Amino acid sequence: MADVFKMPKLGETVTTGTVTRWLLAVGDPVAFDDPLLEVATDKVDSEIPSPYSGVLLEIMVPEGETVEVGAALARIGAPEEPGRASAAAAAPGPAPADAQSVRPLPVPSAAPAGNGRARLSPIVRQLAARHGIDLAAIQGSGATGRIRREDVEAAIARAAAPPAAAPPAAAPPAAAIPPVPPVTVPAPPGPRDEAQPLSRMRLTIGERMVESLRIAPHVWTSVEVDLQAVEEVRRRHKERFRREEGSSLTYLAFVARAACDALRAFPVVNSSLDMQAKTRVLHHYVNLGIAVDLSEQGLVVPVIRDADGLNLRGLARAIRAAADKANGGTFTPDDLAGSTFTITNPGPFGGYASAPIINQPNSAILSVNAVSRRPTAVGDAVAVHPMTILGFSYDHRAFDGVTASRFLSHLRDALQDRDWAAELGRIP
Amino acid sequence: MVERDLAVRMFEVMALMRAVEDRMVSMYRQGELLGSLYTGHWHEAIAVGTAAALRPADVLAPLHRDLGAHLWRGLEPWQVMASFMGKATSPTGGRDGTLHYGRLDLNIINPVSHIPNNYPVATGAAFALKYRGTDGVAMAYCGDGATSRGDFHEALNLAAVQSLPCVFIVENNQYAYSTPLALTTAAADFASKAVAYGMPGARVDGVDVFAVHEAAVAAVARARAGDGPSLIEAVTMRMHGHAEHDPAEYVPSELHETWAKRDPVEECGARLIELGYLGADGVAAVREQARTIALEHRSKALEMPMAEPDDEEGRVYAR
Amino acid sequence: MPAETGGVSYLEAITEALVSEMEADPDVFLIGEDVGQFGGAFKVTRGLLDRFGPRRVVDSPIAESGFTGLACGAALMGLRPVVEFQFADFISCAFDQIINNCSKQHYRTGSPIPVTFRAPFGARLRAGPTHSQSVEAYFAHIPGLKIVTPATPQDAAGLLISAIRDNNPVLYLESKYLYRRIEVPGPLSLDPVPIGSAKVVREGTTVSLLTYSVGVHQGLQAAEQLAGEGISVEVVDLRTLVPLDVVTIAASVNKTSRAVVLHEDARRLGYGAEIAATVQEECFWRLDGPVVRIAGKNTPIPTSPALEDAAVPQLPEIVSTLRRVATT
């Protein structure tokens, strides 16, 4: 009896994986620990060693396809008889091959009873992956129990409807939203167009952004901050900080520090919604996500765990480390999971203000924009200070405008009034 | 008798055909051509004598041994060489090659390799000339071998029953690749086959350009007058192989030896001297000039670029 | 000529289109066997000789290769021949001229050959193996030709007009089975129907039926029947086989996730093979099952009724196949 290798769980919060590359072909011998395939989850690639020895008898999921954790990926075992082996030796097919039927004619009714569930068509897989439908929970209406497109569409519709008799399929908390309408096929590229395949990262980012905007009513607000006090401390401590830490003391570190305090003062901003359970989960810690741009090819959001336990220096170091990991591609799925609040920092690249998209399952996201010297009122006089706009997108299901404004005011006041020099240590 | 200017011009074009083909034989052996080389040695009188009977508005549907007809019309020797070399500047831009170098702007239909496909196509050209109310004529050429295929029969029959202004030339050079006449037809000759279609047929000495010309003029006049098609069988000998790669060892050497003495270009030159149209020096000069032109065109063709793919799928259909 | 009152049949639509184009363009002429005095074996060209004269309506001897070559030569000179093959079966006599002279001409020389080849094709008339053939598969393979297969009187007229006006050789396959079987209320529109455009003749959501000619009518019948079972069949009339309207086909199959191809021609390398390959290339990731072909048997078309009926797709098989694909 052959062993079935299933999609591993590559990260605590991961529910699906994409097969990016098979490193062996059907018919190849496989030893325990041999690199078998490459899998991508979110934005992390992992090379998977085989837990079994034998011959790679069958590949059930082709490259490019995304399946649930636990889905069958391959069969490994003793070499099979010629009749069966020839069916298995076919190039990676879309559905798990019914090893008994060598003839290619489409006669599903001739498939042995119960094998119908094994035939997952491309559209069924795609819809299930996109909507997080657990195919194991679906009763197929096709011959011998095959899951048809309509069965998945019905499951999607059920998951969107309020829970009735049947338990809803495993869907993300935002289950109150109707299913995604069918994708329209754009016109093929013409002679002046250049088609570039979208990277996995691009696709993942796209899906997440669409999902976030779909489920959360985004409202944007902002606050203007006078960074004069921060700037003075930065100026005085810049050189020494650079010498000691090997990196510069950025505005972002100050904002992050102030934000952690503000989040403790306004716990609803640091919460996650569970619309299914109709609850809001307050997190009594701050896992701070920092969005890092990867050379304009995509974004990752590494998470600084327990950021509220770090002082300014500690946060600056943690931010630096997170950015280094992101740019070096050395982060793991767990590095990207578990944020309770996110800061994005397009500021260094210019931009007066920005309205970012919430990083689910957070309830809000803060943007740190460009700092520029502008006139501002100091008392009754006009001075030129380094000023900036902090942008704030929040989920209006979680809290309202007054809370948002108060949170931002707290943040602004912290930035403008706190004794930052004391945070860094007085220079004798 | 043909008047002087016409006779001299015919001689010049025959000499040019010979010089160009001799030059291309050398080029073939020097590896400058892409594939096979088909020549019309000993067909010069037929090619030129017939073409000289036509007007520019008349349509020609030649085959591979009729270079002289193309040259008479204004096709340049380098274009022929370019066609055999796969150059971008060939009449088909390199898309077809070897002998497929017609130019519709000169009213010459570019042939395909299936012979005599050009025969029915020529009837169509004749049909169009008549349809439009002109007195234009279409002239089609094929060899003894091609007369065996159905298209020969269908074209002659159609042309005759529709009374189309066609002249059909059968160049009987006695061999179809390795198939001698005796294995091609049991008929005594090809001219007689015309009777079966209800059209006149004539058999002429294919080496005598003046005889060929006279027969062609008569047939063309007939067609132009609306009296329908004719068949002319011009007899010669295929002095080279089917193509230059073919040593033609199946041809009895006596046949070659006999016909070697009947070089149409030399005979024309001799005739011109006899008629007082040119002196011996004049004749020699024409031949020398022809060889010079052939050399010049070779240099020109050699420098031309090879064909490169250029929106190939886009040019399958006409707009 | 079309009836003064009542409908316009498929056959009459062809005649109307021919007359209209011959009146509009003096370079259009007809050539074929029995097309003049006799009005054509199926009477498509009845009355045209009287109307246009023997210069423009040419009775040819039995010489398919000859008159096809003639048409090519005339077209090279700028005329617009409409060639009639009495039965599509006889087009094989002209294979050489079509393949070698006609189809390759523009590519080789840049000179267009604006010829239209009309050929009544298809079975179901008890006419036997050499009077019932479908020939589209051979010619679809050849670069340089276009192939149209109208299923309705309106498209029969519109596509013939487009074919005649097209500067390329167009093989116009008219269904002799449909000649007098279908009629639409007049008057007929004589607007050209673009070559290369398929048409969704019945919208549906469960399965796409991709078909042409007689198959369109069978498909519509099957769809009507299956609608009663809750199966919604989208019928796509391809109308042109070459060039194939991949955009319309892909949009339909991407919508329904199921594709069934139907044609009367024999299954093996019938044109359905090209359609099926194209569908799987374009729509694979949205398919709920394999692309299925319903086609004639791999035999010549027999004469005797029960034999012929068993050789070509019939309604029950079409219905059951669509049902199986939709529900399995």
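**Exercise 1.** Which residues in helix 3 of chain C meet which residues in helix 4 of chain C?

*Solution.* A word on the model before we start: it is predicted, so local features need pLDDT of at least 70 and side-chain atom pairs pLDDT 80 or more, while totals for chains, interfaces and linings use all residues. Residues are numbered from 1 along each chain as its sequence is written, with chains lettered from A and ligands numbered from 1 in the order in which they are written.

Step 1. Take contact as C-beta atoms, placed from the backbone, within 7 Å. From helix 3 come C:Ser65, C:Thr68, C:Gly69 and C:Cys72; from helix 4 come C:Asp96, C:Gln97, C:Ile98, C:Asn101 and C:Cys102.

Step 2. Sort them by class (Ala, Val, Leu, Ile, Met, Phe, Trp, Tyr, Cys and Pro nonpolar; Asp, Glu, Lys and Arg charged; the others, Gly among them, polar). This helix contact has 3 nonpolar, 5 polar and 1 charged residues.

**Exercise 2.** Work out how chain C meets chain B.

*Solution.* Step 1. Count residues: 32 of chain C are in contact with 31 of chain B.

Step 1. Find the elements (DSSP runs numbered from the N terminus: helices H or I, at least four residues; strands E, at least two). Helix 3 (64-76), helix 4 (95-102) and helix 5 (105-109) of chain C each give two or more residues to this side, and helix 3 gives the most, with 10 residues.

Methods. Contact = placed C-beta atoms within 7 Å.
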